[in-house]
Amino acid sequence: MTPVPHPNPLPACGAREPSDASVDSPVERPQPSPPNASRWGSDVIAELLRELDVDFIALTPGASFRGLHDSLVNHLGNERPRMLLALHEEHAVSIAHGYARVTGRPMAVALHANVGLMHATMAIFNAWCDRVPMLLLGGVGPMDATQRRPWVDWIHTARDLGALVRGYTKWDDQPASVAAALEAIVRAWQITATPPAAPVYVAIDAALQEQVVDARVTLPPLERFQRPLTGDPPNEAVERIATALTKAARPLLLVGRVSSDPADWRRRVELAERLGARVLTDLKTGATFPTQHALHPCVPGMFVGADGCSLIRDADVILSLDWIDVGGALRLAGGGEWPGATLIHCSPDQYCHNGWSMDYQALPPADIALLASPDALVARLLERIDARAIALDAERARADASPRAATAASVESVSRSDVSVDELARTTIDTLAPHAPSYIRLPIGWPGEACRFAHPLDYIGFDGGGGIGSGPGMAVGAALALQSSGRLPIAILGDGDYLMGLTAIWSGVHYGVPLLVVVANNHSFFNDELHQERTARVRERPVENRWIGMRMSDPVPDLAKLAQGQGAVGIGPIADVDGYVRALADAVARVKAGATVVIDVHVAPEYARAVSSAVVRHIPGER
Ligand SMILES: Cc1ncc(C[n+]2csc(CCOP(=O)(O)OP(=O)(O)O)c2C)c(N)n1
Ligand SMILES: [Mg+2]
């Protein structure tokens with residue numbers, strides 16, 4: 001994701017109404033230490049975080065960073081960065097992930113050695129795959145063994161803690177002095193947000209944090225340590241791409257990881273319209289193109305559907321704007337062969353590919369490949385592509401592209417006793433439409449027909465790495481960032497995702513974050529039921545056993561009570577559409593008054609049909 005100007009600046013510290021959020025409560029805003037107080041290593045590090053303009057530092061406490069913790073509270077007065085207490089390190093990272101998805105800005109996260117970092121790993125992997133910036137700070141040591149307490153300092157020290165996350169962070173370091181720690185953090189701050197953005201990790205020796213530093217240890221002059229400017233697409237390449245696109249009879253744009261700046265959004269629409277190009281988007285990224293536009297004929301999903309595949313096969317020139325797995329999409333469309341279209345692939349992603357993680361996806365057969373910002377390429381193409389030169393083709397394409405019905409009943413109903421997934425989707429979008437909703441997350445089985453996006457904030461995106469349990473944390477982080485946007489933040493989560501990550505809701509309540517979570521509760525890790533069903537079918541075994549080891553029943557967890565037990569408003573269980581409409585009305589009023597609300601809706605164990613056939617990988621031996 002390209003960092004964009006903060007779309008919804010948070011109020012300056014202390015600028016909110018006193019009742020607005022307990023983040024500003026006096027008990028959490030202690031007096032900072034006087035300017036001439038003695039300075040500890042961690043004081044200088046905390047001062048640097050302030051100079052870097054770090055808004056928040058999410059954490060679950062740990063003694064390996066007790067020095068830094070003290071400096072944030074008692075030296076800086078818990079103001080810029082402000083602490084966000086999370087009940088699990090995975091939530092701390094997910095909160096930072098959701099926040100970065102909305103703002104493009106890195107949040108800091110403090111992680112205890114070794115166990116806190118171990119807890120955080122899945123969420124770090126999610127953030128890595130999603131290419132969001134994040135400054136991970138860890139405590140470690142003391143590395144000087146003579147300073148270690150017996151037992152606990154030994155089990156919470158590792159020689160190379162960064163090795164735990166090196167495969168899915170962009171850079172890591174374990175500096176050996178306070179001055180080196182300052183340099184490492186400035187470097188980390190540059191690297192994390194330089195495209196492709198990704199988390200970075202700096203482990204800071206507990207002994208360095210707790211040593212007294214003299215006046216010679218000063219903050220680096222940050223104005224002299226600017227983030228590097230990244231390369232513009234070369235003129236010659238832009239010229240070739242413009243020529244290929246204007247000559248194309250059936251151009252296709254695959255819009256993937258692009259900026260969430262509304263000006264970039266408008267430029268993408270302009271380019272598609274000038275070219276008369278069809279456009280595909282998907283739900284792995286946030287909203288990137290108006291889904292109801294006539295040039296966007298297919299509904300978005302996690303996978304390219306049959307109609308999207310036929311557009312790919314039909315295209316003669318394809319421009320991939322950092323589409324996630326363009327090689328895989330082309331191979332899927334071609335039934336294992338590459339379709340004949342000329343492929344132009346613009347993505348800075350190769351800069352962060354490594355030998356551990358394969359989230360770089362299939363190698364695309366790119367005729368022109370550009371390691372550059374896709375948004376910069378679109379802007380440059382608009383300077384060269386003259387609408388009049390291709391007006392006839394564009395007209396033809398527009399006439400061909402017939403707008404879809406807004407929703408289609410494309411779900412396979414299994415049970416009528418609960419709300420169907422289609423009913424859940426239709427009721428949610430219709431009821432919330434007047435309230436400017438921002439869909440932070442949608443569940444795996446969501447029908448693409450229910451996605452009506454007209455602005456980057458209409459849909460924030462998915463989890464990046466397919467790590468279940470990130471939903472509640474990401475929802476809290478994104479909702480925190482959306483606070484002054486005038487948007488109604490809503491996350492629709494699977495019950496498995498909610499149950500794995502639900503104590504992140506406590507942080508939302510504690511910090512007064514207005515948020516609506518709707519749990520599409522099918523009492524199951526249902527995605528995997530589909531896998532078991534297909535496996536059983538191929539092996540000619542009883543498919544009716546697909547639920548065993550999947551269903552969360554006997555007892556059925558009471559999701560509303562689990563929310564109430566953390567101080568949130570919990571509504572439900574709801575098992576009918578009328579009840580859901582009433583619950584939504586109640587929830588909207590409460591969220592607008594500042595509450596964190598969870599609605600438990602019992603839904604039929606089913607996915608939208610197009611989704612069920614796409615999520616299950618082909619099984620060897622299957623016909
Ligand atoms: C951490 C983790 N564990 C297991 C999985 C495998 N997995 C993928 S989807 C899924 C089910 C998710 O359940 P839920 O959130 O209730 O969504 P549903 O499929 O029921 O709609 C599971 C277990 C995963 N992706 N991540
Ligand atoms: Mg489920």
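Which residue takes a positive phi just after α18? The residue is Glu540, with a phi of about 55°. The legends below describe this site and others.

This is a predicted model, in which local features need pLDDT of at least 70, side-chain atom pairs count only at pLDDT 80 or more, and totals for chains, interfaces and linings use all residues. Residues are numbered from 1 along each chain as its sequence is written, chains are lettered from A and ligands numbered from 1 in the order in which they are written, and side-chain values use heavy atoms, with hydrogens and water left out.

**View 1. The magnesium ion (ligand 2) and its donor residues**. Asp495 (OD), Asn522 (OD1) and Ser524 (O) coordinate the ion at 2.0 to 2.1 Å. Donors are N, O and S atoms within 2.8 Å of the metal (3.2 Å for Na, K and Ca); water is not among the atoms, so sites may look incomplete. Along the sequence, the donor residues follow the spacing D-x26-N-x1-S. Asp495 belongs to helix α16 (residues 495–501) and Asn522 to the loop between β14 (515–521) and α18 (526–538), so the pair ties together parts that are 27 residues apart in sequence. Helices (H or I, at least four residues) and strands (E, at least two) are DSSP runs, numbered from the N terminus. Asp495 and Asn522 are both buried, that is, under 20% relative accessible area (1.4 Å probe, protein chains only).

**View 2. The surroundings of ligand 1**. Ligand 1 is surrounded by 17 residues, the closest being Gly466, Asp495, Gly496, Ser524 and Tyr607; a residue counts as near if one of its heavy atoms lies within 4 Å. The largest share of this shell, four residues, comes from α16. Oxygen atoms of ligand 1 lie 2.9 Å from a polar backbone atom of Asp497, 2.8 Å from one of Ser524 and 2.9 Å from one of Phe526. The protein covers 76% of the 580 Å² of accessible area (Shrake-Rupley method, 1.4 Å probe) that ligand 1 has on its own.

**View 3. Helix α18**. This helix has 13 residues and reaches 19 Å from its first C-alpha to its last, close to the 18 Å expected at 1.5 Å a residue. The expected span is 1.5 Å times one less than the number of residues. Phe526, Asn527, Glu529, Leu530, Glu533 and Ala536 are buried in α18.

**View 4. Helix α3 (residues 89–103)**. This helix of 15 residues reaches 21 Å, close to the 21 Å expected. Helix α3 is mostly covered, with 15 of its 15 residues buried. Gly104 follows α3 and has a positive phi, near 75°.

Conventions:
Buried means under 20% relative accessible area, exposed over 50%, partly exposed in between (1.4 Å probe, protein chains only). A polar contact is a pair of N or O atoms within 3.5 Å; within protein, one must be able to donate a hydrogen and the other to accept it, and residues adjacent in sequence count only if both atoms are side-chain atoms.
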